[in-house]
Amino acid sequence: MMPGKQWGMPFDTSYLPPTQSDVVIIGGGILGLSVAFWLKKLESRRGAIRVLVVEQDHTFFFSQYSRASSTGPSVGGIWQQFSVPENVQLSRFSINFLRNINEHLAVVDAPLVDLRFSPSGCLLLASEKDAATLESNVNMQRQEGAKVCLMSPEQLRNKFPWINVEGVALASYGMEDEGWFDAWSLFEGLRRKVQSMGVLLYQGEVTRFITSSSQMETTSGEQVVLKRIHKVHVKINKSLEYQPVECSVVINAAGAWSGKVAELAGIGKGLPGTLQGTKLPVEPRKRYVHLWHCPQGPGLETPLVADINGVYFRREGLGSNYLGGCSPTEEEEPDPTNLEVDHDFFQNKVWPHLIQRVPSFKTLKVKSAWAGYYDYNTFDQNGVVGPHPLVVNMYFATGFSGHGLQHSPGIGRAVAEMVLEGEFKTIDMSPFFFNRFYLEEKLQEYRIL
């Protein structure tokens, strides 16, 4: 340095995340961005809350699509035909959000968000064994305000003449507020909006939590250790360097990897059968989506169809293309360490069922296929929302096992309400609390696509 020159910092640190943020959201997928949006939307004054979103996948914020995210294997469906009332309420909240998307996500001097929503409805088929459950679910869905009708095999054949009703005892059909939308457009719209609201998006990996601990005794006399996270270590991409980020709240929205993030915070590392030893049961499960062409296939009025065996499909655009697939059985679960597509799975497990239900699909030609990860909750295939009972400032938004995308607006709002208000205001999501894993109280859905 020359004499008389002012000393300056020798290194550029602009690539580092900030050293302090009120909220650190781990996971930059649709759920993480939704939580970020609602935190900023509901803050008491503009700029009151500093929010940092950390995403490990370097393609996530900068490429057009990340197959590794839980958005990757989604076909963008939205339906109200759930067996858990809170899921129906989430669908109804989400459809209102999506219907008025640009009231929420419009950004000055940016193009409007076009979700390309196709309101073709969803059709669930049931066998004799499941018909009574389907009917009971529809009664509950109607009580929640959903417009869903039951259809006999004859009614089904009259409305959709392309369908073979063999083995179908009953069907439910969403007449309003169901169909599918472009998942990528919602992701892009949320990303652009939160950045305009001052949210920082950063690519890196969370490798450590700095915590403090205190002991307390539960009402049952059990000694438990309460933890509070004070700092999050964010590892810089392609470097050994990391940045400690001081924070007040951590949101675990890490999708398929949220179980590992929870472990990093010490969750599940106590004695088996104790609250301290209860793990977050979320892991990556690989799912395939197939795109095929069939000029003889069902027409433009085709809904999203979920067959009795788990096979589903819908139209894609106007050119006789279709998207679909099927979740494998536990015994058939593919290796989740890679995203390679097993094309035999379609040939052996999906196509025969498609032909049986829609005979015209016999002539289909597969055009492409891809794989992505579900944030699969092995306990009951339903989401985890709200704070951890022992790591008191870690909140969850994960584990929705395939329906997180469609419910993301409502989930994001619920988590933001819990962080800011200490309670749910819009939808009571307490059945989705972490405690149910310890209490072994399943929140089971009748059918997950």
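Two strands are taken to pair if DSSP finds at least two bridges between them. In this predicted model, strand β13 (residues 304-306) and strand β14 (residues 312-315) run antiparallel and are joined by two bridges. Within this pair, V305 faces F313 of β14.

The two strands belong to a wider arrangement. Strands of a sheet pair through backbone hydrogen bonds, either parallel or antiparallel. Here the pairing is mixed, and eight strands make up an open sheet in the order β5-β6-β4-β13-β14-β15-β12-β16. At the edges lie β5 (148-151) and β16 (365-377), each of which pairs on one side only. From one strand to the next, the twist averages 20 degrees.

Helices also pack on this sheet. Helix α4 (residues 131-143) touches β4 (122-126), β5 and β6 (170-174), and its direction makes about 155 degrees with that of β5. Helix α8 (residues 343-357) lies across β4, β12 (282-293), β14, β15 (321-325) and β16, and runs at about 60 degrees to β12.

A further contact joins two helices. Two packed helices are described by the angle between their axes and the distance between the axes. For helix α1 (residues 30-42) and helix α6 (residues 183-196), the angle is about 40 degrees and the axes are 9 Å apart. Angles under 35 degrees count as roughly parallel and 65 to 115 as roughly perpendicular; α1 and α6 are therefore oblique to each other. The crossing of α1 past α6 is left-handed. On the α1 side, the contact involves I30, L33, S34, A36 and F37, which meet A183, L186, F187, L190, R191, K193 and V194 in α6. By class, the residues of this contact comprise nine nonpolar, one polar and two charged.

Notes
Residues are numbered from 1 along each chain as its sequence is written. This is a predicted model: local features need pLDDT of at least 70, side-chain atom pairs count only at pLDDT 80 or more; totals for chains, interfaces and linings use all residues. Side-chain values use heavy atoms; hydrogens and water are left out. Axes are lines fitted to C-alpha atoms, for helices over the stretch in contact, and angles run from 0 to 180 degrees between N-to-C directions. Helices (H or I, at least four residues) and strands (E, at least two) are DSSP runs, numbered from the N terminus. Angles under 35 degrees count as roughly parallel, over 145 as roughly antiparallel, 65 to 115 as roughly perpendicular and the rest as oblique. A crossing is left-handed if the near helix is turned anticlockwise from the far one by less than a right angle, and right-handed if clockwise. Contact means heavy atoms within 4.5 Å. Ala, Val, Leu, Ile, Met, Phe, Trp, Tyr, Cys and Pro count as nonpolar, Asp, Glu, Lys and Arg as charged, and the others, Gly among them, as polar.
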